[in-house]
Amino acid sequence: MPGLAAYKNASGAAILNSVRDAIDSSDYNSFIPEATVNNSAQVLGLINANPLYANMFYTAMLNQIGRTELNVRRYDHNPLRQFKMADMYYGATLRDMYFDLIKPIAYSDDMSDADLMTTLSKYPINIYEQYFTINSQLQYPVSINHTTARRGFTNDTEVLNFLTGILTSVVNSDRNGEYLQMKQAIDNFNSLGGFYNVQVTAITDKESAQAFIAQAQGYAEAWRFFDNKYNFMGFNTFCNPEDTVLLIDPFKRGLINVYDYAEAFNIDRAEIPQRVITISGFADSTIQAVLMDRNAFRYVDALYGFTHQENGKGRFWNHFLNHDAMYYINPFANAIKFSTAATTSPAITSIDVQPAAVTAPKGGTVNFTAQFNATAGISKLVNWTISGNASTNTKIVNGQLLIGRDETAQTITVKATSEATNTVNDTATVTVSGNEA
């Protein structure tokens, strides 16, 4: 497939033939002859004289140039695009799984019979799942009136200038929209209290910039070790310094000596653009910079391509660039905001158990979730308990309630208590169908 530069340097005949080769239609190739230097104007006239073949031609050229332009050039205009994951062609949900650390148990050669029986116990590992769904479905529409297009050409090569102008608008709109959505994901995460806050002096000169580098380096080094303080979920995790990225606005970026930063983080100078990323700013003006695990971004394309629709009465075709994607910040990954705002102690203010009320049969199961109103840097784990049950076969494990087949209780209360703050809890009520009074 020729690139945009190849089109710009090609003759009119070469352009016509390149698009002709891309059209999978024996009827088109039979009716529209191969172009030469001498007949290219006549070939273009044949194309424009037939609405069906004109649409085939313009559509093929739009897709051909568009695909090259979109996949090669837009990266330069979106500094956050390096975090893009592989496209998701099937389904609408991305699932991440996280495995907690395992607590050791003491061993002794001199075990009692009771101790030996514990080897038959269950030792479940805490596994956490995070689901991300498509949260952006956009279309970028453009209309092409082939009559107007034909009248705008003074020679056959000017068709490229016309389509390139249209494509530039489509491409730039998509690039800008993609960047703004990724940046919005950062601002949304901050508004939810997702970042661990570190208070710093405002970066206003070289001295404060140098002091900031030292602070950022210290936290990056601390991330080498398992800790639950630096991510929103309060999950035990780590991040090597070479896997960190710094997000900063253009003006503070201008004050930081990136070579000092590279030396502090042991970064090869060629890697600086991928490690110190300039964005247009943060919605929260107190933020000086954000240091995060590069795996914190969840950005996946779920649909990307053109669709087309003819308006026969208006004698034009509508072309739509479709872009479905998901943009999230991973709450299990380490992420710090350096801001001038005072640091407050991590806290959980409330828990919301869902479903709050449900009816289920004997022998059935119900899955519960606990949503937190909390800040980063504190464990979001809960202890699940039940009360009101009459059967010992009714149990709850990691939020999944199993109702015993011999359960006689009319209602069961499910309770989630914060592991970090045992005074914070919430309950849900389960009505056991068939046991109503």
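**Exercise 1. Where is isoleucine 102 found, and is it buried or exposed?**

Step 1: Isoleucine 102 lies in the loop between strand S1 (93–99) and helix H6 (113–117). Helices (H or I, at least four residues) and strands (E, at least two) are DSSP runs, numbered from the N terminus.

Step 2: This is a predicted model, in which local features need pLDDT of at least 70 and side-chain atom pairs count only at pLDDT 80 or more, while totals for chains, interfaces and linings use all residues. Residues are numbered from 1 along each chain as its sequence is written, and side-chain values use heavy atoms, leaving out hydrogens and water.

Step 3: The relative accessibility of isoleucine 102 is 69%, so the residue counts as exposed. Buried means under 20% relative accessible area, exposed over 50%, and partly exposed in between (1.4 Å probe, protein chains only).

**Exercise 2. Find the buried residues of helix H4, and the side of H4 that they take.**

Step 1: Look along residues 40–49, where Ser40, Val43, Leu44, Ile47 and Asn48 are the buried ones.

Step 2: These residues cover an arc of only 135 degrees around the axis, so they sit on the same side of H4. The arc is that of the directions from the helix axis to the C-beta atoms.

Step 3: Now turn to the face directed away from the buried side: Ala41, Gln42 and Ala49 are exposed there.

Step 4: Here is a rule to remember: an α-helix has 3.6 residues a turn, so residues three or four places apart point the same way.

**Exercise 3. Which side chains of strand S19 are buried, and which strands pair with S19?**

Step 1: Walk along residues 425–433 and watch the side chains alternate. Asp426, Ala428, Val430 and Val432 point to one face and are buried.

Step 2: Strand S12 (residues 357–361) runs parallel to S19, joined by 5 bridges. Two strands pair if DSSP finds at least two bridges between them. Alanine 357 has threonine 429 as its bridge partner in S19.

Step 3: Strand S18 (residues 411–418) pairs with S19 in the antiparallel sense over 7 bridges. Here valine 430 in S19 is the bridge partner of isoleucine 412. Finally, a hairpin of 6 residues joins S18 to S19.
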